[in-house]
Amino acid sequence: MTAWREQTVPLITPDTGTLKGDLEAIIAAIPDFDEVARQQMAVLVGLAAAASRHPELRAALADNLLARPRRLLRDVLHRAVLRGEIAADRDLELLPDVVIGLNVLQIMLGETPDRKHASRVLNTIIYPLVTQSNL
C-alpha cells in the first residue's frame with residue numbers, strides 16, 4: 001500500500017508563499033485515479049477496519065499511510081500561521097484528520113477523492129475555517 005501510494009500520489013509539501021496557493025498546489029498534485037487506484041483505495045478501507053482490532057496494523061497504518069498527509073497539511077498550515085494568514089492561537093491539530101476522514105468517507109461511498117472533492121474540502125471547509133477571524 002505504501003509503495004502504491006508513493007507512486008500514485010507523491011506528497012511534496014508546496015510552498016507558494018500563500019495558504020491559498022499552497023492549497024491549490026495540493027489540489028493540482030492529485031492525479032486522475034484509474035480503476036486500479038480505486039481498488040487500492042478499497043483495500044485501504046479494509047485495512048483501516050482491520051486496524052481497529054489489531055494494534056500492530058493500526059500503528060503501521062498510522063506510521064506508513066497517514067503520517068505523511070498529516071504532516072503535509074500541518075506544515076502548510078504552520079507556514080500560514082508564520083506568515084500571519086492564520087491566527088497564531090488557532091487550534092489546527094484536528095484539521096489533517098478532518099481532511100483524511102472526509103477522503104475515507106468518500107472512498108467508503110464508492111467515490112474517489114479526486115481534485116473536485118479535494119477542492120471542495122480544502123476551499124469550502126478548511127480555508128474558510130482557518131482564515132475566519134471571529135472563531
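Predicted model: local features only at pLDDT ≥ 70, side-chain atom pairs only at ≥ 80, totals over all residues.

Student: How is the packing of two helices described?

Tutor: Two packed helices are described by the angle between their axes and the distance between the axes. Helices here are DSSP runs (H or I, at least four residues), numbered from the N terminus. Axes are lines fitted to C-alpha atoms over the stretch in contact, and angles run from 0 to 180 degrees between N-to-C directions. For α2 and α6, the axes come within 9 Å and cross at roughly 160°. That makes α2 roughly antiparallel to α6 (angles under 35 degrees count as roughly parallel, over 145 as roughly antiparallel, 65 to 115 as roughly perpendicular and the rest as oblique).

Student: Which hand does the crossing of α2 and α6 have, and which residues make the contact?

Tutor: The crossing is right-handed, a term used if the near helix is turned clockwise from the far one by less than a right angle, and left-handed if anticlockwise. From α2, the contact is made by Leu19, Lys20, Leu23, Glu24, Ile26, Ile27 and Ala28. From α6, the residues include Leu122, Tyr127, Val130 and Thr131. Contact means heavy atoms within 4.5 Å.

Student: At what angle do α5 and α6 pack, and how far apart are their axes?

Tutor: The angle is about 155°, and the axes of α5 and α6 are 11 Å apart. These two helices are therefore roughly antiparallel to each other, and their crossing is right-handed. Among the residues in contact are Leu95, Val98, Val99 and Leu102 of α5, and Val121, Leu122, Ile125 and Val130 of α6.

Student: Where do nonpolar side chains tend to be in soluble globular proteins?

Tutor: In such proteins, nonpolar side chains tend to be buried together. A nonpolar core is a set of buried Ala, Val, Leu, Ile, Met, Phe, Trp, Tyr and Cys residues joined through side-chain atoms within 4.5 Å. Buried means under 20% relative accessible area, exposed over 50%, and partly exposed in between (1.4 Å probe, protein chains only). The largest nonpolar core in this model has 25 residues, of which Leu19, Leu77, Ile86 and Val130 touch the most other members. Two or more residues each come from α2, α3 (35–51), α4, α5 and α6, and α4 gives the most, with 6 residues.

Student: Which residues does Leu19 touch?

Tutor: Leaving aside neighbours within four places in sequence, the contacts of Leu19 include Val76, Leu77, Ala80, Ile86, Tyr127 and Val130.

Student: How many salt bridges does the structure hold?

Tutor: The structure holds 8 salt bridges, each being a side-chain nitrogen of Lys or Arg within 4 Å of a carboxyl oxygen of Asp or Glu. One of them joins the side chains of Asp22 and Arg83 (3.6 Å, N to O). Asp22 lies in helix α2 (residues 19–28) and Arg83 in the loop between α4 (55–82) and α5, so the pair ties together parts that are 61 residues apart in sequence. Asp22 is buried, at 0% relative accessible area, whereas Arg83 is partly exposed, at 31%. Both residues belong to a network of salt bridges that links Asp15, Asp22, Arg79, Arg83 and Glu85.

Student: Which salt bridge does Asp97 form?

Tutor: Asp97 pairs with Arg70, the closest N and O atoms being 2.6 Å apart. This pair links helix α5, which holds Asp97, to helix α4, which holds Arg70, across 27 residues. Asp97 is partly exposed, with a relative accessible area of 28%, and Arg70 is partly exposed at 23%.

Student: Is Thr112 buried or exposed, and where does this residue lie?

Tutor: Thr112 counts as buried, at 9% relative accessibility. Thr112 lies in the loop between α5 (95–108) and α6 (115–131). Not counting residues up to four places away in sequence, Thr112 touches Phe33, Arg38, Met41, Gln106 and His117.

Terms used: Residues numbered from 1 in each chain as written. Heavy atoms only, no water.
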